[in-house]
Structure formats: structure tokens, C-alpha cells
Amino acid sequence: KGDVTMTNETVKCNYDRGRKFYVDALDNEETAKLAFSRLSGEFIRTKVVPELDAFRFASYAGKSGISKATAADLPDGASVLAALRAAITKMDEDEVPTENRHLFITPTLDGMIADLDTTKSREILTRFATKTLVPQTRFYTAIDMLDGKTTGEEAGGYKKASAAKNINFMVIHPSALIQFQKHTVPKIKGPEDDLDGDRHMFGYRTVGIADVYANKLAGIYLHSAAEAGA
């Protein structure tokens, strides 16, 4: 005879960011309406997506209890393969499902693997459902979020935290993640709605959560560099 109890636990969003832009109506006209029409797309592509990536990876990397390799630099393809093999073995031993494991790795390390061009290197990569290249500028164990209004932080965005390390790669099983954007709202208003000027307005806000289930910590494997790089 067994017993089971199901309860709900409230979790709070840990990501809430917004930004507002104004483009003068005449400036927009003089650029064939490109100034405002391209603003939203470029902002999301160059600011929103990189920051959200960096926030999520840093959140998972900073979660206590996930699987972590001893921090080490990986100078060549052979060392990268050995590190990946150790990650696979650790997750196998922890009984993380072999299907649907996803590899996130820097382009530099992926290039080292490609340069080997061996059967062994290709075989190891087949152990992952997908491989995603992550620029090092989005791949840190911790980041500082700039608030967009304090002196020195007006540009907004994020930067690598002072004690953070570069991430070499992460292996993630989706079942481990609490990842959801609860509220994403773009707002666009024309000059006719601007009571303080003659401007187009673009506003963007997104609220979400990036966390790891307490009983699925083995579904995250982190390999970071030995030192806190620049």
C-alpha cells in the first residue's frame, strides 16, 4: 500500500524588463519611415534576445545542486571531447533520460571539435538531440542587469558579473526547466497620441521566469572555464 500527495507551489517571475523609445515624426519621414519601422525588430534582435539568453543561462548555472564539472579551460578538441564524455557519463549515472538532451556550446569549442573530424567526435555529438552555438558574450555563470536609469547604467542591458566565469558548455534536459515568459507586450503609438511632442513611440516589456525544478537538478550539467575571464 502506497500513498501520494499532490500540492501546488507558487513560484514568482524573476525577470521583468521594459524599455521605451521615441522617434520624432519628421526624422521618421526623412528616413523613408525606416527609423521607426526597423526599431522594434532591431531592438528585439540585438538587445532583448541576447539579454534573455544570458539571463537564462546564468540562472541555470547559478542554481545550487546542478551537476558541475571542475572548472577548467579546454585548450583543444581532445579536451572538449573528454569533457563532453564526462558530462554524458554523469547524466547517464544520474538516470537523466538519454533522449532530448540538448547541448549548448561556444562556437570556439565547437570549432575545435569540428577540426578533429574523427568518427569519435561525430559519435559523441550524436548523443545530443540538438547542438546550439552560444556566443561567449551570452554565456556566463552570472550577470549584472543594468537598470537603464542609474548613472552609468543608462544604456540598460547586462554585463558579466565581476566574479562570474565563462561557460564552456551546458547540457540541458528540458524537463528540468521552469522557463516561461508570462507577459510580453509591445506597444506602438503614433504622433497623434503624443501629448508632449510629435513622436512615434515604441515600448516593450517582458516578464518571465527561468528556474530549475528542485527534483530535476541532474538535468542541468555545467562546464565553466577555470578563471573569471574578461
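These legends go with a few close-ups of a predicted model. Local features need pLDDT of at least 70 and side-chain atom pairs count only at pLDDT 80 or more, while totals for chains, interfaces and linings use all residues. Residues are numbered from 1 along each chain as its sequence is written, and side-chain values use heavy atoms, with hydrogens and water left out.

**View A. Strand E10 (residues 220-224), tucked inside.** Five of its five residues are buried, so the rest of the structure largely encloses E10. Buried here means under 20% relative accessible area, exposed over 50%, and partly exposed in between (1.4 Å probe, protein chains only). Strands (E, at least two residues) and helices (H or I, at least four) are DSSP runs, numbered from the N terminus. Ile220, Leu222 and Ser224 point one way, Tyr221 and His223 the other.

**View B. The neighbours of E10.** Strands pair if DSSP finds at least two bridges between them. E2 (residues 67-68) runs parallel to E10, joined by two bridges, with Lys68 partnering Leu222. E7 (residues 167-172) pairs antiparallel over five bridges, and Phe169 stands opposite His223.

View C. A salt bridge is a side-chain nitrogen of Lys or Arg within 4 Å of a carboxyl oxygen of Asp or Glu. Arg45 is exposed at 51%, Glu42 partly exposed at 39%.

**View D. Lys131 and Asp110 in a salt bridge.** Their closest N and O atoms are 2.8 Å apart. This pair links strand E4 (residues 130-133) with helix H5 (residues 107-116), 21 residues apart. Lys131 is partly exposed at 42%, whereas Asp110 is buried at 11%.
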